[in-house]
Amino acid sequence: MSTSMPYVLILFYSRQGATRAMAEAMAAGVESESGIAARLRTVPPVSATCEAVDPEIPAEGAVYASLDDLRHCAGLAIGSPTRFGNMAAPLKHFLDGSSELWMNGALIDKPASAFTSTASLHGGQETTLMTMLVPLLHHGMVLSGLPYSETELFTTTTGGTPYGASHLAGQRSNRSLDEHERHLCMAQGKRLARLALALAPMREGS
Ligand SMILES: Cc1cc2nc3c(=O)[nH]c(=O)nc-3n(C[C@H](O)[C@H](O)[C@H](O)COP(=O)(O)O)c2cc1C
């Protein structure tokens with residue numbers, strides 16, 4: 001068993017920065033809780049030619065996630081831009097490579113939640129969030145979203161759903177997170193951190 005600080009893995013993909021901004025707000029929420037850290041990790045794009053490989057370390061931003069980042073996390077927040085109402089292929093590709101963790105039950109009883117960014121308000125935030133959670137159920141993770149005690153869920157006119165945080169980035173993908181969206185990202189991160197800490201003793205006792 002590792003004696004190092006537990007962490008919530010914030011695993012995201014972002015081309016234009018909107019999902020990255022959400023991931024950073026989520027990390028701030030995780031780190032507002034003591035005794036747990038946030039670990040921001042991304043995934044490389046997938047290429048049409050399987051010979052093409054990205055450098056091991058990206059030129060900027062979060063480093064690429066390894067299976068060990070996922071294996072040893074105490075909780076997971078997974079974030080993707082919406083692509084045709086679903087998660088982006090690079091994240092799906094990463095998850096499709098996680099069979100070994102599934103076979104070993106490495107993620108069972110760990111909390112997980114999802115977040116997404118879209119160009120248009122009704123462009124598939126909820127379908128993306130719900131479908132992103134499906135593979136995590138196969139892994140035995142404990143799913144969490146956002147409860148309506150976060151009253152921003154009632155007042156937002158942009159992103160924010162009970163299925164997870166969301167962001168309306170606009171057609172040019174240049175709209176920043178507004179106050180409601182940022183609050184909900186942070187609240188989701190904080191809740192995940194608390195759930196991760198609460199579920200850890202149960203896992204250690206099993
Ligand atoms: C291939 C593709 C498909 C997309 N599909 C949708 C969609 O179904 N609904 C939507 O609102 N936006 C869609 N978008 C827009 C992105 O979801 C949006 O720009 C998002 O905020 C980008 O996030 P990022 O800045 O983290 O890359 C799509 C973009 C691409 C490139």
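Colleague: Which residues does Val8 touch, leaving out those up to four places away in sequence?
Modeller: Keep in mind that this is a predicted model. Val8 touches Val30, Ile36, Ala38, Cys73, Ala74, Gly75, Leu76, Ala77, Leu192, Ala193 and Ala196, not counting residues up to four places away.

Colleague: Quite a list! What's the largest nonpolar core like, and which residues have the most contacts inside it?
Modeller: That core has 51 residues. Val8, Ile10, Met22, Met26 and Leu76 are those with the most contacts inside it.

Colleague: Let's zoom out. How many helices and strands are there?
Modeller: The protein has seven helices and six strands. Starting at the N terminus, the order is β-α-β-α-β-α-α-β-α-β-α-β-α.

Colleague: And what radius of gyration does the protein have, next to that of a compact globule?
Modeller: The protein has 16 Å, which agrees with the value near 17 Å that a compact globule of 206 residues would have. As for the box, the C-alpha atoms fill roughly 50 × 45 × 30 Å along the principal axes.

Colleague: How much of the protein is buried?
Modeller: Buried residues are 40% of the 206. Also, if you take contacts with a separation of 6 or more, 75% of them come from residues 24 or more positions apart.

Colleague: New topic: α5. Which of its residues are buried?
Modeller: α5 covers residues 125-138, and Gln125, Thr128, Leu129, Met132 and Leu136 are buried there. They sit on the same side of α5, because they cover an arc of only 95 degrees around the axis.

Colleague: Okay, and what does the buried side of α5 pack against?
Modeller: The buried residues of α5 pack against β3, β4, β5 and β6. On the face turned away from that side you'll find the exposed residues Val134, Leu137 and His138.

Colleague: What follows α5?
Modeller: Gly140 does, with a positive phi near 80 degrees.

Colleague: What about α3, which residues are buried there?
Modeller: In α3, residues 89-96, the buried ones are Pro90, Leu91, Phe94 and Leu95. Their arc around the axis is only 140 degrees, which puts them on the same side of α3. Those buried residues pack against β3 and α5.

Colleague: Which residues does Val142 touch?
Modeller: Leaving out residues up to four places away in sequence, Val142 touches Asp109, Lys110, Pro111, Ala112 and Leu199. Ser120 is 22 residues from Val142 in sequence, and their C-alpha atoms are 29 Å apart in space.

How values were computed: Residues numbered from 1 in each chain as written. Predicted model: local features only at pLDDT ≥ 70, side-chain atom pairs only at ≥ 80, totals over all residues. Buried ≥ 20, exposed ≤ 12 C-beta atoms within 10 Å, placed from the backbone. Helix = DSSP H or I, 4+ residues; strand = E, 2+ residues; numbered from the N terminus. Arc of directions from axis to C-beta. Contact = placed C-beta atoms within 7 Å. Core = buried A, V, L, I, M, F, W, Y, C linked by C-beta atoms within 7 Å. Rg over C-alpha atoms; globule rule 2.2 N^0.38 Å.
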